[in-house]
Amino acid sequence: MATAVRNIWRALSPEQRVAGVGAVLLIVSTFGPFSFVEGAEILVALAILLLIFRRAQGRRFHLPFGDGTIIALGGVWCTLLVLVRLFNRPFAQAVFALGCCALIFAAGVRERTKRPADDMPSTRGEPTWLDDDPPGFGRGASRRRPPREEDLTAPLPSNHGVTRPLPRDEDLTEPLPGDQRTLPLPTERPDLPDVDEPPELKL
């Protein structure tokens, strides 16, 4: 159990960690006088924890306006709920609950700033956002990285990098056999008369 919790904690981004801590402390702040308002606060906090837990597992699902917006709205809604019960609970407890809501809201805003609304986590077992992120939502990531050039090309064989010199002209031509001679030009043949000028025409 402790190992699983530690792995999930390592798979979270700093913003998700802050939101998770704020959600847990918000549940703690509901101890004491209890009503349906505190029950609503617990439901919102559990929903935030479930969202973070699923992202740490690398689950693929999309939320409208992105995870950061949903977390920030959860912090705003819990703030309104705390203000409703402001005078029905001890003042220190109410201030503590407001601080937890502020943490959740700030973490959601930061999450929304770093990740766009249409981001989608990748499947389990491959880097999600950055190269060094563990599987899941990614720690300190801004968005899913595009494939690198070295990821799209297969490794070349070990002997591929050996370069060979270009062949020379004499290497491309083969010598003729020794008994083969070149034919003389027509002007060099003895059986043909030499014609220097065209014959004159007689009228």
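Mentor: Lys114 and Glu15 meet through their side chains in a salt bridge, 3.3 Å from N to O. A salt bridge here is a side-chain nitrogen of Lys or Arg within 4 Å of a carboxyl oxygen of Asp or Glu. The pair links distant parts of the chain, with Lys114 in helix H5 and Glu15 in helix H2, 99 residues apart. Helices are DSSP runs of H or I, at least four residues, and strands are runs of E, at least two, numbered from the N terminus.

Trainee: What kind of model is this, and how are residues numbered?

Mentor: It is a predicted model: local features need pLDDT of at least 70, side-chain atom pairs count only at pLDDT 80 or more, and totals for chains, interfaces and linings use all residues. Residues are numbered from 1 along each chain as its sequence is written, and side-chain values use heavy atoms, leaving out hydrogens and water.

Trainee: Is Glu15 buried or exposed?

Mentor: Buried, with a relative accessible area of 8%. Buried means under 20%, exposed over 50%, partly exposed in between, using a 1.4 Å probe and protein chains only. Arg110 is partly exposed at 44%.

Trainee: And where does Arg89 sit?

Mentor: In the loop between H4 and H5. Arg89 forms a salt bridge with Glu38 (3.5 Å, N to O). Glu38 is in helix H3, 51 residues away. Arg89 is buried at 6%, and Glu38 is buried at 0%. Salt bridges with shared partners join Glu38, Glu41, Arg85 and Arg89 into one network.

Trainee: Now Thr30. What does Thr30 touch?

Mentor: Glu38, Glu41, Ile42, Arg89 and Gln93, not counting residues up to four places away in sequence. A contact means heavy atoms within 4.5 Å. Thr30 lies in the loop between H2 and H3 and is buried at 2%.

Trainee: Switching topic: how many helices and strands?

Mentor: Seven helices and zero strands.

Trainee: Where does pLDDT stay under 50?

Mentor: Over residues 120–144, for which the model has 84 contacts beyond four places in sequence. pLDDT is the predictor's confidence in each residue, from 0 to 100. Where pLDDT is low, the predicted coordinates should not be read in detail. The protein's mean pLDDT is 76, and 57% of its residues reach 70 or more.
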